[in-house]
Amino acid sequence: ASPAQTRKSRSLSLVWIVPVVALVIGGWLVFKAMSEKGPVITITFSTAEGLEAGKTKIKYKDVAVGQVEAIRLGADLKQVEVTAELSKGYDRYLNDRTRFWVERAQIRGGTASGLTTLLSGAYIGVDPDVGGQPTRHFNGLEVPPVVTTGLPGKHFRLKARQLGSLNVGVPVYYRQIQVGQVVSYGFAPDGREVDVQVFVEAPHDARVTRNTRFWNASGLDVSLSAQGLKVDTESLISIVSGGLAFDVPDGAEAGGE
């Protein structure tokens, strides 16, 4: 009898199919996770009050666009560094014009804001911008700004000898109707005056012309005459928190822009 001949099976053994399939699936999951991973940034704040790693969200217009991943003390122990991952595609907004801040409940400009954080906790707000120098490291704002990105209207810069009762968020009036807000203030480059930036909503921004004058509308204007006592104020809010008003002086032409 002829000796038996053995043939090597050309089919892949079942023992190897399972690990190969697992390796393929694992590789696909890793690739999927890496492809969906968004940019990672660091934000510096003076304190981490209200922030929690793995929970605190980063929001724009109440939509979550990122999450805090880690919080640690800075090297000088004076600040905290927050590491956060943003949504995929947010790279174009990571420049030195984009601003971050911690949103908490507060009363500003006579109105309450951030009241939802009393139940849900603080979150990091973001005001995205384009065109600046690309960066992944940001200095968080200690005072939440008035966000006007995407709103129709114009910004105007005013100069004053002193700030008075003005603050970020106080209203701007035109003929006793609120048409804008103070969005920022600071010293002029020479340090001798104060620069106040205001935002006037459209279509009222067209009323600000070359001959327009702004004035501090805080407090009361009380006068006594034969007709009796006259009290003049822009609003009750301006009595408490201050405000600005603008108009063209009587007898003057509006002038161009």
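Biologist: Which residue stands opposite Tyr123 in β8?

Modeller: This is a predicted model, in which local features need pLDDT of at least 70 and side-chain atom pairs count only at pLDDT 80 or more, while totals for chains, interfaces and linings use all residues. Residues are numbered from 1 along each chain as its sequence is written, and side-chain values use heavy atoms, with hydrogens and water left out. Strands, here DSSP runs of E with at least two residues, are numbered from the N terminus, and two of them pair if DSSP finds at least two bridges between them. β5 and β8 pair in the antiparallel sense over five bridges, and the residue opposite Tyr123 is Glu103.

Biologist: In β8, what is the bridge partner of Ile58?

Modeller: Strand β2, residues 57-60, runs parallel to strand β8, residues 123-127, and two bridges join them. The partner of Ile58 in β8 is Ile124.

Biologist: Which strands stand at the edges of the sheet, each with a single partner strand?

Modeller: The sheet is open, with mixed pairing and seven strands in the order β5-β8-β2-β3-β4-β1-β9. One side of each edge strand is left without a neighbour in the sheet, because each has a single partner, and these strands are β5 (99-103) and β9 (137-139).

Biologist: How many residues of β8 are buried?

Modeller: Buried means under 20% relative accessible area, with exposed over 50% and partly exposed in between, for a 1.4 Å probe and protein chains only. On one side of β8 Tyr123, Gly125 and Asp127 are buried, and on the other Ile124 and Val126 are buried. The count for β8 is therefore five of five.

Biologist: Which residue lies over the face of Tyr123?

Modeller: A charge sits over a ring if NZ of Lys or CZ of Arg is within 6 Å of the ring centre and within 35 degrees of the ring normal. At 4.9 Å from the ring centre of Tyr123 lies Lys59.

Biologist: Over which residues does pLDDT stay under 50?

Modeller: The predictor's confidence in each residue, pLDDT, runs from 0 to 100, and the protein averages 80, with 75% of the residues scoring at least 70. Where pLDDT is low, the predicted coordinates should not be read in detail. The stretch under 50 is residues 233-240.

Terms used:
Helix = DSSP H or I, 4+ residues; strand = E, 2+ residues; numbered from the N terminus. Contact = heavy atoms within 4.5 Å.
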